[in-house]
Amino acid sequence: MAGYTLVIGNKNYSSWSMRPWVLMKQLGIAFEEKRLRFNSAEWDAEIERWSPSRLVPVLWRGEQSVWDTLAIMEALHEWHPEKGVWPRDGVARAFARSIAAEMHSGFRDLRTSMPMNIRASHPGKGMSAETQANITRIESLWAQARKRFGAGGPFLFGAFSAADAMYAPVVMRFRTYAVRLESESARYCEGMHSSAGVRAWSEGALKEKEFVADDEPYATAPPA
């Protein structure tokens with residue numbers, strides 16, 4: 001089997017890149033990382049070569065490319081059925097796919113007003129009635145998953161799956177903006193922060209120095 005190359009953006013900002021990277025790292029699916037920094041000469045020179053959509057992430061398997069986060073997860077599910085990308089139980093798998101798709105297409109107020117910024121701390125910023133409604137819905141989904149399917153592990157469906165990877169950037173946002181959570185949600189976030197994949201991504205994000213103004217609505221200059 002040809003090896004994998006995962007094309008990503010800045011780890012501090014790129015929530016979509018984070019999702020397949022964390023999933024593959026957590027499940028032990030080996031890959032080479034190709035990082036293209038946003039708003040850089042490197043991006044301008046190479047994005048056309050690496051991404052059919054000119055967006056990240058993109059997963060390459062030899063000469064075959066798969067883009068869009070959910071498409072990458074579904075491809076990995078097909079190529080590695082033994083890894084548990086999705087829960088093995090059919091009812092749990094349907095619920096996992098549903099909440100992953102809701103994350104993919106929804107929660108726009110949260111994503112807009114609280115952009116992912118792992119190295120920052122902006123307590124209380126970005127909160128509005130609409131953002132709180134998104135947060136309440138997310139907590140409800142997490143609670144349902146944990147209650148119905150979460151026995152046997154700290155993640156939404158017990159073992160780590162694509163659903164957890166889809167919500168990993170939300171977990172990072174909740175820390176950056178110091179969002180007040182229900183106790184069950186807080187425990188879940190603690191488990192996510194402790195997971196090998198999320199921890200490794202976060203460590204990489206904290207080492208980055210790039211400052212992308214479009215992703216920094218609450219800062220006017222790079223961190224010292």
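Reply: A search of the whole structure finds 11 salt bridges, where a salt bridge is a side-chain nitrogen of Lys or Arg within 4 Å of a carboxyl oxygen of Asp or Glu. This is a predicted model, in which local features need pLDDT of at least 70 and side-chain atom pairs count only at pLDDT 80 or more, while totals for chains, interfaces and linings use all residues. Residues are numbered from 1 along each chain as its sequence is written, and side-chain values use heavy atoms, with hydrogens and water left out.

One of these pairs is E208 with R35, whose closest N and O atoms are 3.1 Å apart. Helices (H or I, at least four residues) and strands (E, at least two) are DSSP runs, numbered from the N terminus. E208 has 7% relative accessibility and counts as buried, whereas R35, at 25%, counts as partly exposed; buried means under 20% relative accessible area, exposed over 50%, and partly exposed in between, with a 1.4 Å probe and protein chains only.

A second pair is E42 with R37, where the closest N and O atoms are again 3.1 Å apart. Here E42 is partly exposed at a relative accessible area of 23%, and R37 is partly exposed at 32%. The side chains of R54 and E48 also meet in a salt bridge, with 2.5 Å from N to O; R54 is partly exposed at 39% relative accessibility, while E48, at 55%, counts as exposed. Salt bridges that share partners join R35, R37, E42, E208 and E210 into one network.

Most residues other than glycine have a negative phi, and most peptide bonds are trans. R54 has a positive phi of about 65° although it is not a glycine, and R54 lies in the loop between α2 and β3. The loop between α2 (41-50) and β3 (58-61) is also the place of P57, and a cis peptide bond with omega of about 10° joins V56 and P57. D68, in the loop between β4 (64-67) and α3, likewise is not a glycine and has a positive phi, of about 80°. D68 is partly exposed, with a relative accessible area of 34%.

Leaving aside its neighbours within four places in sequence, S17 is in contact with I8, G9, V56, P57 and W201, contact meaning heavy atoms within 4.5 Å. S17 counts as buried, at 0% relative accessibility.

Two packed helices are described by the angle between their axes and the distance between the axes. The axes of helix α3 (residues 69-79) and helix α7 (residues 162-176) come within 11 Å and cross at roughly 155°; axes are lines fitted to C-alpha atoms, for helices over the stretch in contact, and angles run from 0 to 180 degrees between N-to-C directions. α3 and α7 are therefore roughly antiparallel to each other, on a scale where angles under 35 degrees count as roughly parallel, over 145 as roughly antiparallel, 65 to 115 as roughly perpendicular and the rest as oblique. α3 passes α7 in a right-handed crossing; a crossing is right-handed if the near helix is turned clockwise from the far one by less than a right angle, and left-handed if anticlockwise. T69, L70 and M73 in α3 meet A162, A165 and M166 in α7. The residues of this contact of α3 with α7 divide into five nonpolar, one polar and no charged, with Ala, Val, Leu, Ile, Met, Phe, Trp, Tyr, Cys and Pro counted as nonpolar, Asp, Glu, Lys and Arg as charged, and the others, Gly among them, as polar.

Helix α6 (residues 129-149) also packs with α7, their axes coming within 13 Å and crossing at roughly 125°. α6 and α7 are therefore oblique to each other, and α6 passes α7 in a left-handed crossing. I135, I138, L141 and W142 in α6 meet Y167, V170, V171 and F174 in α7. By class, that contact of α6 with α7 has eight nonpolar, no polar and no charged residues.
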